[in-house]
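Student: I'd like a close look at one part of this assembly, the place where two copies of a chain meet. Could you take me through it and then show me around the rest?

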Protein chains: 4
Amino acid sequence: MAAAIDPAAIKVILGEIAEETLALRRVGKVASYIPELAGVDPEGFAVSVAFLDGRTAEVGAVGETFSIQSISKVFNLTLALGKIGDVLWRRVGREPSGNAFNSIVQLEQEQGIPRNPFINAGAIVVSDVLLAGHEPKETIAETVTFLRFLAGDESIVVDKAVAQSEKATGNRNFALAYFLKAHGNLVETPDRVLGVYFHQCAIAMSCRQLARACLFLAADGRDPVGGRRIVSAQRARRINALMMTSGMYDASGDFAYRIGLPAKSGVGGGIVAVVPGVGTVAVWSPGLDATGNSLVGSLVLEKLVQRTGWTVFGGR
Amino acid sequence: MAAAIDPAAIKVILGEIAEETLALRRVGKVASYIPELAGVDPEGFAVSVAFLDGRTAEVGAVGETFSIQSISKVFNLTLALGKIGDVLWRRVGREPSGNAFNSIVQLEQEQGIPRNPFINAGAIVVSDVLLAGHEPKETIAETVTFLRFLAGDESIVVDKAVAQSEKATGNRNFALAYFLKAHGNLVETPDRVLGVYFHQCAIAMSCRQLARACLFLAADGRDPVGGRRIVSAQRARRINALMMTSGMYDASGDFAYRIGLPAKSGVGGGIVAVVPGVGTVAVWSPGLDATGNSLVGSLVLEKLVQRTGWTVFGGR
Amino acid sequence: MAAAIDPAAIKVILGEIAEETLALRRVGKVASYIPELAGVDPEGFAVSVAFLDGRTAEVGAVGETFSIQSISKVFNLTLALGKIGDVLWRRVGREPSGNAFNSIVQLEQEQGIPRNPFINAGAIVVSDVLLAGHEPKETIAETVTFLRFLAGDESIVVDKAVAQSEKATGNRNFALAYFLKAHGNLVETPDRVLGVYFHQCAIAMSCRQLARACLFLAADGRDPVGGRRIVSAQRARRINALMMTSGMYDASGDFAYRIGLPAKSGVGGGIVAVVPGVGTVAVWSPGLDATGNSLVGSLVLEKLVQRTGWTVFGGR
Amino acid sequence: MAAAIDPAAIKVILGEIAEETLALRRVGKVASYIPELAGVDPEGFAVSVAFLDGRTAEVGAVGETFSIQSISKVFNLTLALGKIGDVLWRRVGREPSGNAFNSIVQLEQEQGIPRNPFINAGAIVVSDVLLAGHEPKETIAETVTFLRFLAGDESIVVDKAVAQSEKATGNRNFALAYFLKAHGNLVETPDRVLGVYFHQCAIAMSCRQLARACLFLAADGRDPVGGRRIVSAQRARRINALMMTSGMYDASGDFAYRIGLPAKSGVGGGIVAVVPGVGTVAVWSPGLDATGNSLVGSLVLEKLVQRTGWTVFGGR
């Protein structure tokens, strides 16, 4: 998959794709369950490619921040695996859910063990692991600090208004948390865990920051620019595997089919995709498709992969 | 992922792994729902790696045939896509099922559209597509002929005794087929379609034949040895994607996590894995784990990937 | 609940109710899955009350026959209990299903034991019990003979065209039967059992015949007119109990709430209700509500109970 | 069902039945999810029959109080129907659930409308209706006051320790409440509603008090002793119907089959059954069967009905 990369050529491709998908930005539906998301401009758009050598190819508002939402689950998972390792898998599964991301049905059938760390119930367990006796503030700060470190950007913060609104409308997540608690799969109280969880989802980042922050996943766990090891090669690959099978809600299979890259999306309209050995792609377009993934974002990635051959499933 | 490949070195690794997993061959349970499978020697073992350049690395009874069972679903899917293309996806989904491979529950919830072509219901629809007005015999012959062509081996045949037993004990598959019919997702009669389906599952092949037959999936759709194009590059990659997200029954997520390669298993104890750009691996060990996949087969692949770095999720 | 009964007064009430519900006959939807049912006149209407002393109160086309469909399940259950007694309950449950009458989901969750003998899967098991090594023709004849005996009317027959159509469109029932077979809860082949089942559903009877045939259920198991014991008092009461909790598909709770009588409906538009100690009511109106029960039929029973106090839940 | 009642003869029967079931008191399992219930003497036993004319037949510790738990749902439903009438049915169904009493699965499938007012989710909605802007204390007092009035006994109180423990272990009920809230089927906060709900479940009553308090249900809504109308005849009958189809958790069908009376049980080991036109029976024995109903309590009722013919399904 290596081949010589030419950021300038990629930037041209990105520009063409941005043009081609322009008319579709208003087709998807902006998430509307909280006013802070509902008010986002549906025309907002950015795509940022970060290469292993530190170069980038960018188009659109790549410095504009948006709510990363479920994309935060990748970083929290990384932290939780760092904290307790494979013991995590006693409390969360690794299988695609075959159900909506916030379904409680499967949770009952499977006795309180969420199917994977990227559905809400699984991510709540991950937040519980990170909280583990600390103060919620500290735990939230831990994730933010990790992201600042990965992105090399101290400006990353939680959008407090989003966090507040998430909590005010988060009844289904409270239901999930109490259900986990009832099954003995939550150590802390639902209130404390969700306090952490909602803040993690409310972190605001730009495409530039996101692409940069995920680069270690494209480089076997080492930050290819800074040179520091973030996680082991095996762990990086495994996180990629989880993103591939479960990262795009209940459209993960379809995304693997169309795009063929490990990726994670959020209802804020962001998607991060990993191209092992090449780099990362972060795309943002707030309009969502029926599965809750950015409609234009998915399409941009599909077109980019078609023109670059950046799928992990190719033989070249 | 390229790097210089040394078949001799791989053969040494395979030998070591065979040794290390020897004691586990009797831990898994041989499929027992039909006498023909129940009678298979649990000690049977083979692993065959086929490289793009035609060389191989093999250990064990690589010429001994076994019932390929669900592995046939990969080849039938390839044929069906060749026949009707993406129209197939109106009748079958592309999402992991999150349920047992023969579950009828999800089928009811999703109105007769099977979640993917690798669960039984989906594969039955695929067989219906292949049958489409032909005689069952012709359709069975089509799959066998395709496999002989891919493997370059005219000796591949259906094990009639297995096919007969499958039919005699196939009540759940009949239930699935009638259910599909009730939802209008079966053109032919359940009897005719299952006649085809059971024979396809009953094809007997060796690890050597299987690894060879799948080589086009590791080479962007072109047979790298014979040089003929089997499917387009995009289609090959997409079949790999489906194998990654849904190929290992309800353990596909776990398999992606541990091994990180597109793969398809069968209850006969076989597994085929694709290493894009490198080659294919076919392994056989009849003892199954709780998810219906070869216990030793999965372990062999895991160890092989750890020592070779052959996961698609790595950055090197 | 006894009180002095005046058939003439009841007939006046029935006439009023028929008048009041006249306009609603075209609101419900006539079953349309087979042409024989789809072609029935939606204006068809009859209601027949049979009292323990042999007198009747009737309005409408009480001699006109219609397809009794699921109402046959009451008679088959009676025969099966006579044949094998409480052993039946090892193969069928006694709980309301909380699901559509032909759901296959619950059957999977409960390992092939249908929830009750009035959902399709349960009735198919009952037919299997009745078949038990006999010829389908004999078994069908057994049910018809039983009905002729109960109704005192030798003219009752199976509508062969309906039976034929049921089979031709019965894919979902075949799915249920094969599923039962897969779980070991069917002794005979699905083909033979459904041959019996479809014929039993296709029996044609009039309201007059139906009300008469059920009289033993209102009289503790003894035919109050002929004087012969049909079943024990306990068994009659228990069949009534099953009708109360599961007789009206997934609207049984609502029916108990509104009407408060044991009853069984069929998609042919018939309903039979039992008033213990008083008599029986058979009503027919082909238009069905969303739950598959006769819309006008249910309403007629509700109005009749309101004016007569014939609920089993009353204190007078 | 009238016939001349002889309380003395009934008392003899009750004594015999108590004797016959003595050995089974330790077979059932006392509810153990809170220490206050776990500590109850499994040998505790009482049965009290209240007749319409005010006489009684009693055996055992009929004055000893126990936690009525889900039996409170009958009284709360009565109050809620008095408050908002049939509007209640827009928020709660009337169908048996076909699932465990505290299942969250069905709630998701049915979009936040609990199947009936006797499963936990439905009872939580009923508590929400009763709370409706009042103080939890007032609402709890309302139920207690109603029970004191019905039973003619001012000593009835909430067991505060039980209420406290219920809350401390009530995670699943919190999950249900938040889930209802997420679906817009809860007006008040889960915390306030469950504060009420847990106290209502923690009311302590004796068999004597319970039998007396339910007498209006056996007498078409009028207190047959005090002479005051509690609810309309229709409403009393309808509450009986709901108890028949849904009062005994997921064993309601079996209970109707075996006993044939409207009844409501609680995990404290109490059961109240209604014999329309005759009276009521309250029985208490803490050991529960697998369905959560008093094992000996159910058996006592079955034997009593067999010897008295007090089923609603009988013709005499």
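Student: By what turn and what shift along the axis can chain B be laid on chain A, and with what RMSD?

Tutor: Keep in mind that this is a predicted model. Chain B goes onto chain A by a turn of 180° with a shift of 0.0 Å along the axis, and the RMSD is 0.0 Å. That is how a two-fold axis relates its copies. In chain B, Gly98(B) has the C-alpha nearest the axis, 2.2 Å from it. Both copies use the same surface, since 100% of the contact residues of chain B recur in chain A.

Now the contact itself. Chain B puts in 38 residues and chain A puts in 38 residues. On the side of chain B that touches chain A, the elements giving two or more residues are helix 12 (233-246) and helix 13 (252-258) of chain B. Helix 12 of chain B has the largest share of that side, with nine residues. By residue type, the side of chain B that touches chain A splits into 14 nonpolar, 15 polar and nine charged residues.

Some other pairs of chains don't touch. Chain A and chain C have no contact between them, and their closest C-alpha atoms are 10 Å apart. Chain B and chain D have no contact either, with their closest C-alpha atoms also lying 10 Å apart.

Staying with chain A, there is an annotation to look at. An unreviewed UniProt entry gives the feature "binding site" at Ser70(A), Asn120(A), Glu166(A), Asn173(A), Tyr197(A), Tyr249(A) and Val267(A). Take two of those positions. Glu166(A) belongs to helix 7 (residues 160-168) of chain A. Glu166(A) has 24 C-beta neighbours inside 10 Å; buried takes 20 or more, so this residue counts as buried. Apart from neighbours within four places in sequence, Glu166(A) is in contact with Ile34(A), Phe198(A), Cys201(A) and Ala202(A).

Val267(A) sits in a loop instead, the one between strand 7 (263-265) and strand 8 (270-275) of chain A. Val267(A) counts as buried because there are 24 C-beta neighbours inside 10 Å. Again leaving out neighbours within four places in sequence, the contacts of Val267(A) are Ala31(A), Gln69(A), Ser70(A), Leu288(A) and Gly292(A). One of these, Ser70(A), is itself among the positions that the UniProt entry lists under "binding site".

Back in chain B, there's an open sheet of three strands in the order 4-6-5, with antiparallel pairing. Strand 4 (65-67) and strand 5 (157-158) of chain B are at the edges, each with a single partner strand, so one side of each has no neighbour in the sheet. Strand 5 of chain B runs antiparallel to strand 6 (residues 203-206) of chain B, and two bridges join them. In one of the pairs, Val157(B) has Ala204(B) of strand 6 as bridge partner.

Over in chain C, strand 3 (residues 65-67) and strand 5 (residues 203-206) pair in the antiparallel sense over three bridges. Here Phe66(C) faces Met205(C) of strand 5. Strand 5 of chain C also pairs in the antiparallel sense with strand 4 (residues 157-158) of chain C, over two bridges. There, Val158(C) has Ile203(C) as bridge partner.

Also in chain C, helix 9 (residues 190-201) has 12 residues and should span 16 Å at 1.5 Å a residue; the end C-alpha atoms are 16 Å apart, so the two agree. That helix is mostly covered, with 10 of its 12 residues buried. Among the buried ones in helix 9 of chain C are Tyr197(C), Phe198(C), His199(C) and Cys201(C). Val12(C), by contrast, is in helix 1 (residues 7-21) of chain C. Val12(C) counts as partly exposed because it has 13 C-beta neighbours inside 10 Å. From Val12(C) to Asp223(C), 211 residues apart along the chain, the C-alpha separation is 26 Å.

Finally, chain D. Helix 8 (residues 171-182) of chain D has 12 residues that should span 16 Å at 1.5 Å a residue, and its end C-alpha atoms are 16 Å apart, which agrees. This helix is mostly covered too, with 11 of its 12 residues buried. The buried set in helix 8 of chain D includes Asn173(D), Phe174(D), Tyr178(D) and Lys181(D). After helix 8 of chain D comes Gly184(D), with a positive phi near 75°.

Notes. Residues are numbered from 1 along each chain as its sequence is written. Chains are lettered from A and ligands numbered from 1 in the order in which they are written. This is a predicted model: local features need pLDDT of at least 70, side-chain atom pairs count only at pLDDT 80 or more; totals for chains, interfaces and linings use all residues. Helices (H or I, at least four residues) and strands (E, at least two) are DSSP runs, numbered from the N terminus. The expected span of a helix is 1.5 Å times one less than its number of residues. UniProt positions are given in the numbering used here, feature names are shortened, and annotations may be inferred rather than shown by experiment. Two residues are in contact if their C-beta atoms, placed from the backbone, lie within 7 Å. Copies are superposed by least squares on the C-alpha atoms of residues with pLDDT of at least 70 in both. Ala, Val, Leu, Ile, Met, Phe, Trp, Tyr, Cys and Pro count as nonpolar, Asp, Glu, Lys and Arg as charged, and the others, Gly among them, as polar. Two strands pair if DSSP finds at least two bridges between them.
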